[in-house]
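I opened a new notebook page for this protein. My plan was to look things up one at a time.

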Amino acid sequence: MYHFKEEWNRKGHFWFDKKLIENKNWAALPQASKSVFPVIASHRNEKGEAFPGEQVIAILSGRSDKIVRQGIKGLEGFPGIEIQNYVTKRGRRSKRYKIDKPPEEQGRAFPFYKGVLEGGNWQHLTPSAQALYPVMRNFGFFDSLVFQTYLLEEDKEGNYDLSEFDDVYSDRRWDFCEAELGILAEYAGITRRSAYSALDSLKKHYLIEEYSDEDLDGWKVFLHPPKVYKRDYLNEKTMTKYRHLNAA
């Protein structure tokens, strides 16, 4: 059974192809598939293969085993992922996922960090919030104006200039999203009404934060959650979810 470790992965990530969102492939996915895709893709190895079991996917996505199976089924035909059935060396039926890496073009993809999953934040989101978060990452940006705001907000000391932009950018904690709510809902494949509750869920679970000043109006979208859930709580939650298996 999956166990949340004290040291969660702050660097690991997979590259989420923006074309999947811009071409509205993401919007067309069943909701269950949107919940499980980042979990599966986060297990991608150097060969482009991933082998997470359904129970691991269920724990990290916060969805039931039944919903996970529906989500996996819904990924069939989704660009960039191939699902193969195979028999393990121990004689168990399992699935192998082959996941394409996006072309190495500037601005083509964004890193989806494992910390969002291993911090327990993803499993606490509503389904609509799981649909919305990658879309907000897709439309997020970090330009010279956001750079200056970032320095002020993060209490960076000293006199910074744009020559240091690249250093700050590579280590940034958040991007900024000012996309219209209707656009966000459209590309997430959810209703505008659901988008409001999705934003509330993302705020509640430390993945976005509202921000407004005379120059910027929108949301900070965190690449890494600034707060994660206690390991003991997450593991107890998992044990409770699968208590029926332990009792068998």
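How many positive and negative side chains does the protein chain have, and how far apart do the centres of the two sets lie? I found 38 positive and 37 negative side chains, with the two centres 13 Å apart. Lys and Arg count as positive, Asp and Glu as negative, and His and the chain ends are not counted. Each charge is placed at NZ of Lys, CZ of Arg, CG of Asp or CD of Glu.

I noted the ground rules next. This is a predicted model, where local features need pLDDT of at least 70, side-chain atom pairs count only at pLDDT 80 or more, and totals for chains, interfaces and linings use all residues. Residues are numbered from 1 along each chain as its sequence is written, and side-chain values use heavy atoms, without hydrogens and water.

Then I looked at burial. Of the 248 residues, 46% are buried, meaning under 20% relative accessible area with a 1.4 Å probe, protein chains only.

I turned to the cores. A nonpolar core is a set of buried Ala, Val, Leu, Ile, Met, Phe, Trp, Tyr and Cys residues joined through side-chain atoms within 4.5 Å. The largest one holds 55 residues, and Phe16, Phe37, Ile40, Phe112, Met136 and Leu202 touch the most other members. Another core, of twelve residues, lies apart from it and includes Phe142 and Trp174.

Beyond its neighbours within four places in sequence, Phe37 is in contact (heavy atoms within 4.5 Å) with residues including Phe14, Phe16, Trp26 and Ile81.

Last, I checked the extent. The C-alpha atoms fill a box of roughly 60 × 40 × 40 Å along the principal axes.

Technical notes:
Buried < 20%, exposed > 50% of the residue type's maximum accessible area, 1.4 Å probe, protein only.
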